Amino acid sequence: MLEKVTSWLAIEGQFWFAVLGAAAVKLIFSERTTITKAFATGFAAAFSAWAFTRPTLHFFGLAADDYTIPAAVLWTLLGENIMRSLIRRSGEKDFLSGMIALWRGK
């Protein structure tokens with residue numbers, strides 16, 4: 001039992017270390033100046049990694065042992081921008097039908 005807990009903490013620790021490192025790089029090179037914007041960016045980046053890493057690995061059929069950390073870093077760096085783009089475009093007239101067509105591969 002202790003072995004499983006230790007193993008889980010090691011994996012989760014590596015995940016969060018990679019996410020925090022990528023978020024720090026993102027914030028260092030970001031042009032956002034206020035502390036509020038920096039906090040929001042960091043939160044969105046960490047949330048993206050937490051919420052979308054495992055579904056991405058499952059969707060592409062990738063081995064979690066090999067690709068969790070790289071996928072988490074990518075989601076940390078790109079997730080906020082993807083969410084912002086989706087929110088910005090969600091007001092457009094054909095956004096929903098375009099997303100459904102994209103999902104269906106048309």
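I take contact to mean heavy atoms within 4.5 Å, and I began the notebook with T68, which touches F15, T53 and L57 once residues up to four places away in sequence are left out.

**Ground rules.** The model I am reading is predicted, with local features needing pLDDT of at least 70 and side-chain atom pairs counting only at pLDDT 80 or more, while totals for chains, interfaces and linings use all residues. Residues are numbered from 1 along each chain as its sequence is written, and side-chain values use heavy atoms, with hydrogens and water left out.

**Overall layout.** I looked up the secondary structure of the protein chain and found four helices and zero strands, in the order α-α-α-α from the N terminus on; helices (H or I, at least four residues) and strands (E, at least two) are DSSP runs, numbered from the N terminus. Of the 106 residues in the protein chain, 24% are buried, where buried means under 20% relative accessible area, exposed over 50%, and partly exposed in between (1.4 Å probe, protein chains only). Among contacts in the protein chain with a separation of 6 or more, I noted that 64% join residues 24 or more positions apart.

**The α2/α3 pair.** Two packed helices are described by the angle between their axes and the distance between the axes. I looked up both values for helix α2 (residues 35-60) and helix α3 (residues 64-89): their axes come within 7 Å and cross at roughly 135°. That makes α2 oblique to α3, given that angles under 35 degrees count as roughly parallel, over 145 as roughly antiparallel, 65 to 115 as roughly perpendicular and the rest as oblique. Axes here are lines fitted to C-alpha atoms, for helices over the stretch in contact, and angles run from 0 to 180 degrees between N-to-C directions.

I then listed the residues that meet: on the α2 side they include T41, A45, A49, F52 and T53, and on the α3 side they include Y67, T68, A72, W75 and T76. By class, this contact of α2 with α3 has 11 nonpolar, seven polar and one charged residues, with Ala, Val, Leu, Ile, Met, Phe, Trp, Tyr, Cys and Pro counted as nonpolar, Asp, Glu, Lys and Arg as charged, and the others, Gly among them, as polar.

**Two threonines in α3.** T68 lies in helix α3 and counts as buried because its relative accessibility is 18%. Its side chain reaches the backbone oxygen of A64 at 2.6 Å. T76 is also placed in helix α3, and at 0% relative accessibility T76 counts as buried. A polar atom of the T76 side chain lies 2.7 Å from the backbone oxygen of A72. Leaving out residues up to four places away in sequence, I found that T76 touches V19, A22, A23, K26, A45 and A49.

**Partly exposed positions.** P70 is found in helix α3 and, at 41% relative accessibility, counts as partly exposed; P70 and A18 are 52 residues apart in sequence, with 8.4 Å from C-alpha to C-alpha. G21, in helix α1 (residues 2-28), counts as partly exposed at 32% relative accessibility, and its C-alpha atom is separated by 8.4 Å from that of V73, 52 residues apart along the chain. A51 lies in helix α2 and is partly exposed, with a relative accessible area of 22%, and the C-alpha atoms of A51 and A72 are separated by 9.5 Å.

Methods. A polar contact is a pair of N or O atoms within 3.5 Å; within protein, one must be able to donate a hydrogen and the other to accept it, and residues adjacent in sequence count only if both atoms are side-chain atoms.
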